[in-house]
Amino acid sequence: EQLIARCIAPVKKDFLRPPPDPVLAKEKKSKRQLKRERLQDKKSTKNLCPNLAKSGDVNSCPYQVNCRFSHDIQAFKEQKLADLEGECPFCPYGLSCRFLNTHQKVRCEVNGFSKDVQKLLWKNKMTFPKTDAKLKSLGLIPCPQKKRKDLSLKSHSREKKLIDFREKLYLAPLTTVGNLPFRRVCKVLGADITCGEMAMCTNLLEGQASEWALLRRHSSEDLFGVQICGAHPDTVGRAVELIEKECTVDFIDINMGCPIDIVVNKGAGSALLTKPMRMQNVVEVASGTVDIPVTIKVRTAYFEGRNRIDSLIANFSSWGASAVTIHGRSRQQRYSKPADWDYVYQCTRKAPNNLQVVGNGDVFSFVDWNNHKTECPELATCLIARGALIKPWIFTEIKEQRHWDISSGERLNIFKDFVHFGLQHWGSDTKGVETTRRFLLEWLSYTCRYIPVGLLDVVPQRINWRPPSYHGRDDLETLMASDSAADWVRLSEMLLGKVPDGFTFAPKHKSNAYDRAENG
């Protein structure tokens, strides 16, 4: 009880061990130095021209001597890293593939970004007639009175497509780690609803390929949405209109709860919680522009102690939202305290019958799930976020109503699935292998927080418990429990081969609720 009161996991005494010696952090390189190294690396013989790699013919490259990649096939072969074991999951990479002579040409992803659309966006020649009409009808763009009568607008109450979240297991949109390969892993383990990583509306409208990549969907994602974030009705409206036209999605979620400074400072994310009228305009324009269901995600408030969603929730459906996800924390709170589920229940009971309410915050076991559904039957479902990052088999546990004492071998097989899906998605050449490795390492910075069921005196584990230093039931389980980036790299080498010379890794994200080590 004393350990739990201090948020320290009650690990059985037989498995406790002294904490390892701290590892000194390496000096970080400047952004300018890293950029210079990337440019030098691109011109080296390690990077064979993609056209040349596919065909094997030097004359296949249209740029010839002006090509920024190497055309020296012999030099490339001499320094190419050793091929990986197994079969190539998907390969348009030819000579640069890390799987020798096992090429397959099957790809099951949709929502690719058309070059023609990208050029129109770059040249600012894309038109958005539905969004412009809706903006004019709301008086957000000056419009002569006589022309308003001729506008043919959609009625979201009659024509909006329906979506049902009730009782379904919903994987939250997760920045960086919630990529397509990770979502595929969660689908295998029982997730019903998946949603892409948050994409910024302005970046989509500028035609940034990296932002459009966040909207990609795998064929196994049978109920799939995308999440967008924007500060103004016109940018959000144009983004949803473009998404409906270019992508196949089941719903569009508007993020009005993101706490990140760079988003909030632009007036988007949780900054919208301070501007109810703009919230209304954003939702009305988005829902009035597309037939796809529009949902929103919010926090309890912007400032701690000034909850305001309960005063707005009755209006969300009249604005055009099909569902709302309520994260039981304020923007100011971030992750520093447990989620306020009592307030989530209060808002849910105030919601009209035609608005589905999804609760979010600290769901980490089937016990948490059952408690929330029992305490508030009006909840449509619960969003699972960090719980899925730490143990993606939480979906299996909820469906089978059990605490899964998963073995280290079973966990390793889940990582193997991720690597296989990653090579299909990012490519099987050296760049694809290292991209897969980077995202695997980002994920391992969360999975190390999981404590096996058989090692705990009290079950289930709580999401805010900090594990003491302990050893597992075998060497692999001990390695998986390490919060050292060096051990995560070792795990990646078991699946993707040796890391390149000079390789370093530091995780992007550190949660305020768990920040006990420099690499955890």
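This is a predicted model: local features need pLDDT of at least 70, side-chain atom pairs count only at pLDDT 80 or more; totals for chains, interfaces and linings use all residues.

Trainee: What makes up the protein chain, in helices and strands?

Mentor: The protein chain has 23 helices and 11 strands. Of its 520 residues, 54% are buried. The accessible surface is about 24800 Å², and carbon and sulfur atoms hold 49% of that. As for contacts with a separation of 6 or more, 71% are between residues 24 or more positions apart.

Trainee: Why is Asp368 called buried?

Mentor: Buried means under 20% relative accessible area. Asp368 has a relative accessible area of 4%, so it is buried. You will find Asp368 in helix H17.

Trainee: What does the side chain of Asp368 make a polar contact with?

Mentor: With the side chain of Arg462, at 2.7 Å. A polar contact needs a pair of N or O atoms within 3.5 Å, and the value of 2.7 Å for Asp368 and Arg462 meets that. Setting aside neighbours within four places in sequence, Asp368 is in contact with Asp362, Val363 and Arg462.

Trainee: How do you know whether Arg216 counts as buried or exposed?

Mentor: Use the cut-off again: buried is under 20%. Arg216 is at 19% relative accessibility, so it counts as buried. Arg216 sits in the loop between helix H11 and strand S5, and its side chain makes a polar contact with the side chain of Glu109 at 2.9 Å.

Trainee: Why is Glu375 called partly exposed?

Mentor: Exposed means over 50%, buried means under 20%, and partly exposed is in between. Glu375 has a relative accessible area of 49%, so it is partly exposed. Glu375 also lies in helix H17.

Trainee: Which residues is Glu375 in contact with, leaving aside its neighbours within four places in sequence?

Mentor: Tyr345 and Arg349. Glu375 and Tyr345 are 30 residues apart in sequence, while their C-alpha atoms are 7.8 Å apart in space. Tyr345 is among the buried residues of helix H16.

Trainee: What covers the buried residues of H16?

Mentor: The cover includes helix H15, strand S9, strand S10, helix H17 and strand S11. The buried residues themselves are Trp341, Tyr343, Val344, Tyr345, Cys347 and Thr348.

Trainee: What caps the N-terminal end of H16?

Mentor: Asp340 does: one of its side-chain oxygens lies 3.4 Å from the backbone nitrogen of Asp342.

Trainee: How do H15 and H16 cross?

Mentor: Their axes come within 8 Å and cross at roughly 35°, and the crossing is right-handed. At this crossing, Ile309, Asp310, Ile313 and Ala314 in H15 meet Tyr343, Gln346, Cys347 and Lys350 in H16.

Trainee: What makes H12 roughly parallel to H14?

Mentor: The axes of H12 and H14 come within 8 Å and cross at roughly 25°. Angles under 35 degrees count as roughly parallel, so H12 is roughly parallel to H14. Their crossing is right-handed.

Trainee: Which residues meet there, in H12 and H14?

Mentor: From H12 they are Pro233, Val236, Gly237, Val240, Glu241 and Glu244, and from H14 they are Arg278, Asn281, Val282, Val285, Ala286 and Thr289. As a general point, an α-helix has 3.6 residues a turn, so residues three or four places apart point the same way.

Definitions and conventions. Residues are numbered from 1 along each chain as its sequence is written. Side-chain values use heavy atoms; hydrogens and water are left out. Buried means under 20% relative accessible area, exposed over 50%, partly exposed in between (1.4 Å probe, protein chains only). Helices (H or I, at least four residues) and strands (E, at least two) are DSSP runs, numbered from the N terminus. Contact means heavy atoms within 4.5 Å. A polar contact is a pair of N or O atoms within 3.5 Å; within protein, one must be able to donate a hydrogen and the other to accept it, and residues adjacent in sequence count only if both atoms are side-chain atoms. Accessible areas come from the Shrake-Rupley method with a 1.4 Å probe; for residues, only the protein chains shown count as cover. Axes are lines fitted to C-alpha atoms, for helices over the stretch in contact, and angles run from 0 to 180 degrees between N-to-C directions. Angles under 35 degrees count as roughly parallel, over 145 as roughly antiparallel, 65 to 115 as roughly perpendicular and the rest as oblique. A crossing is left-handed if the near helix is turned anticlockwise from the far one by less than a right angle, and right-handed if clockwise.
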